[in-house]
Amino acid sequence: MKREDIVKPENLVYRRTPVLTDNVMHYCPGCGHGLIHRLIAEVIEEMGIQDNTLAVAPVGCSVLAYNYFDVDCVEAAHGRAPALATAMKRLRPDQFVFSYQGDGDLAAIGTAETIHACNRGENIVMIFVNNGIYGMTGGQMAPTTLEGMKTATSPYGRDIELMGNPLKITELVAQLPGTYYVTRQAVYTPALVRKCKKAIRTAFENQKLNKGVSFIEVVSNCNSGWKLTPVKSNEWLEQNMLPKYPLGDIKVPEK
Amino acid sequence: MKELKLMKGNEAIAEGAIRCGVDGYFGYPITPQSEVLEHLMAEKPYEKTGMVVLQAESEVASINMVYGGAALGKKVMTSSSSPGVSLMQEGISYMAGAELPGLVVNVVRGGPGLGTIQPSQADYFQTVKGGGHGDYRLITLAPAFVQEMYDFVELAFELSFKYRNPAMILSDGVIGQVMEKVEVDDYKPRWTNEYIRENFPWAMTGKTPDRPHVIVTSLQLEAAKQEAVNLRLQAKYKVIEENEVRYEKTMCDDAEYLIVAYGSSARISQKAIELAREQGIKVGLLRPITLWPFPSKAINEMSKNLKGILSVEMSAGQMVEDVRLAVGDNVPVEHFGRFGGIIPSPSEVVEAIKEKIMK
């Protein structure tokens with residue numbers, strides 16, 4: 001059997017979605033960002049909305065997300081993505097608008113924008129990638145850093161008395177009347193990847209209903225910042241992050 | 001059809017925005033400019049032109065909503081007063097870096113800090129010298145009449161879109177609060193999404209197969225590329241400096257002395273030059289309408305035939321530096337100002353002419 005006999009459209013089982021560009025991703029090997037990008041891009045492709053999706057990139061590791069999503073993108077100032085997305089959706093209600101932020105961006109410097117966009121019930125999708133650390137700036141303590149967790153700015157471990165508590169912002173926004181769908185997902189096993197994609201699809205479908213924010217937290221890893229191998233970091237995530245940030249839907253629309 | 005209305009300066013900003021087809025206003029209350037948002041909410045422009053009006057959670061959010069809207073090629077604006085505009089500097093710098101149009105109105109009050117709610121012109125440096133980080137410029141219009149508050153909204157957007165650069169209307173608590181008659185236009189329709197797509201290829205209008213995706217960003221990680229961005233910006237600023245200087249001269253033909261003043265200080269100085277001329281002092285007034293680009297050439301030209309120049313400002317002396325840069329050693333330049341919310345009287349200005357430049 002020759003190569004040409006195998007490479008046929010009917011034999012295709014997987015391909016890269018055209019909603020991701022050809023640019024080589026800058027993410028560390030083993031990082032969850034690439035996967036999460038792919039899932040969003042696949043959902044956009046499957047829904048046929050590439051022509052009318054507007055993306056807001058954050059400041060943080062995913063600051064260059066606009067180089068990877070083949071949709072019109074804007075790069076926000078640190079923490080301000082929900083403010084941009086608010087105006088974008090209100091000015092172009094015919095477009096699908098999503099923001100993509102990390103924990104420092106969404107839950108520290110941008111807390112006010114996050115809370116108020118969620119409370120107003122902006123009709124947007126907010127993707128929140130939580131790996132408990134500032135990856136891009138070199139592994140400093142984040143609002144979601146776990147108690148006792150060592151980072152560049154908590155070198156002896158996060159001391160609650162000294163540094164305050166990890167912030168469970170997803171549970172917090174779920175309390176607000178403006179959020180329609182709030183869920184926490186992960187992407188470190190194939191089964192979880194499929195589940196996460198389903199949640200992203202639900203979030204984008206919700207935007208057709210004009211019912212408010214669909215908020216997806218993805219608990220992810222940072223093998224460089226955590227100073228672990230990719231495999232070890234996924235084990236660490238399961239053993240340490242998930243007890244604090246348990247997976248599953250937090251707020252689902254009433255049927 | 002033109003129509004005459006009696007309104008506050010702040011209301012004129014709002015009315016100008018609705019009638020010239022602005023797409024969105026995002027703001028946060030602060031004295032002495034809250035009437036802008038109040039008037040917009042009362043007028044329901046979303047029913048008249050489809051304009052979006054939103055009270056944001058902060059000035060930080062307001063300017064970033066403007067940044068988001070501007071990235072779509074929409075005519076979007078915010079307004080605030082000094083402490084609020086300080087909070088907006090980050091967003092203004094991002095917009096300048098990403099080369100986005102947009103309008104910020106500053107109805108200046110006395111500072112520093114929480115300062116006072118009374119009028120001031122002490123945000124001149126912040127506006128024309130930077131304010132935010134990086135090498136950038138803001139096209140700055142300084143209205144002296146309520147009519148100009150109305151007119152300059154449309155003018156600001158015209159210049160802002162022409163050069164893909166944010167613009168500022170630098171007003172103050174006097175012009176914001178005073179009521180004057182204003183000639184208003186009919187409601188102009190907002191730009192359609194199709195118009196924006198055809199005319200602004202840099203705007204996010206939804207990627208279609210016929211073009212690459214649009215990226216709006218102020219980030220260039222490679223130094224050489226960021227230098228190229230800066231060189232492009234500087235070249236643009238030079239074109240603006242050559243083409244967009246605006247100013248007004250009053251009683252300058254036979255003047256031996258000159259007052260340079262903008263905004264409400266120009267109104268006070270207008271009266272002051274009348275009083276001075278009654279006393280036989282030949283003094284004229286040059287009112288910069290654009291503060292950046294500054295009318296340096298015009299002031300330099302005039303200075304050759306003058307005995308002295310007085311910069312009248314409601315600040316401790318900010319614009320006076322640009323006047324001095326404009327005239328060099330041609331003629332002495334002095335500053336007169338009251339500040340912290342105090343408005344000088346015309347007779348104080350006349351005394352200052354005598355004391356500071358006629359000695």
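The model is predicted, and its scores are ipTM 0.96 and pTM 0.97. For chain B the mean pLDDT is 97, with 100% of its residues at 70 or more.

Strands of a sheet pair through backbone hydrogen bonds, and they may do so in either a parallel or an antiparallel sense. One of the pairings in chain B joins strand E2 (residues 24-27) to strand E4 (residues 76-80), in the parallel sense and over 2 bridges; here Gly24(B) stands opposite Val76(B) in E4(B).

The domain assignment divides chain B into domain 1, covering 3-193, and domain 2, covering 248-357. The centres of these two domains of chain B, taken over C-alpha atoms, are separated by 27 Å, and across their boundary 24 residues of domain 1 are in contact with 21 residues of domain 2. On the domain 1 side of this contact in chain B, the elements that give two or more residues are helix H6 (124-128), strand E6 (139-141), strand E7 (166-172) and helix H8 (173-177). Of these, H6(B) gives the most, with 4 residues. Sorted by class, the side of domain 1 that touches domain 2 in chain B has 14 nonpolar, 8 polar and 2 charged residues.

The other contact to follow is the one between the chains, where 31 residues of chain B are in contact with 28 residues of chain A. Two or more residues each come to the chain B side from E2, E3, helix H4 (59-71), helix H5 (82-97) and strand E9 (215-216) of chain B, with H4(B) giving the most, at 7 residues. The residues on the side of chain B that touches chain A divide into 15 nonpolar, 11 polar and 5 charged. Strand pairing also crosses from one chain to the other: strand E2 (residues 72-75) of chain A and E9(B) pair in the parallel sense over 2 bridges, and Cys73(A) stands opposite Ile215(B) in E9(B).

Note on methods:
Residues are numbered from 1 along each chain as its sequence is written. Chains are lettered from A and ligands numbered from 1 in the order in which they are written. This is a predicted model: local features need pLDDT of at least 70, side-chain atom pairs count only at pLDDT 80 or more; totals for chains, interfaces and linings use all residues. Two strands pair if DSSP finds at least two bridges between them. Domain bounds come from an automatic or database domain assignment. Two residues are in contact if their C-beta atoms, placed from the backbone, lie within 7 Å. Ala, Val, Leu, Ile, Met, Phe, Trp, Tyr, Cys and Pro count as nonpolar, Asp, Glu, Lys and Arg as charged, and the others, Gly among them, as polar. pLDDT is the predictor's confidence in each residue, from 0 to 100.
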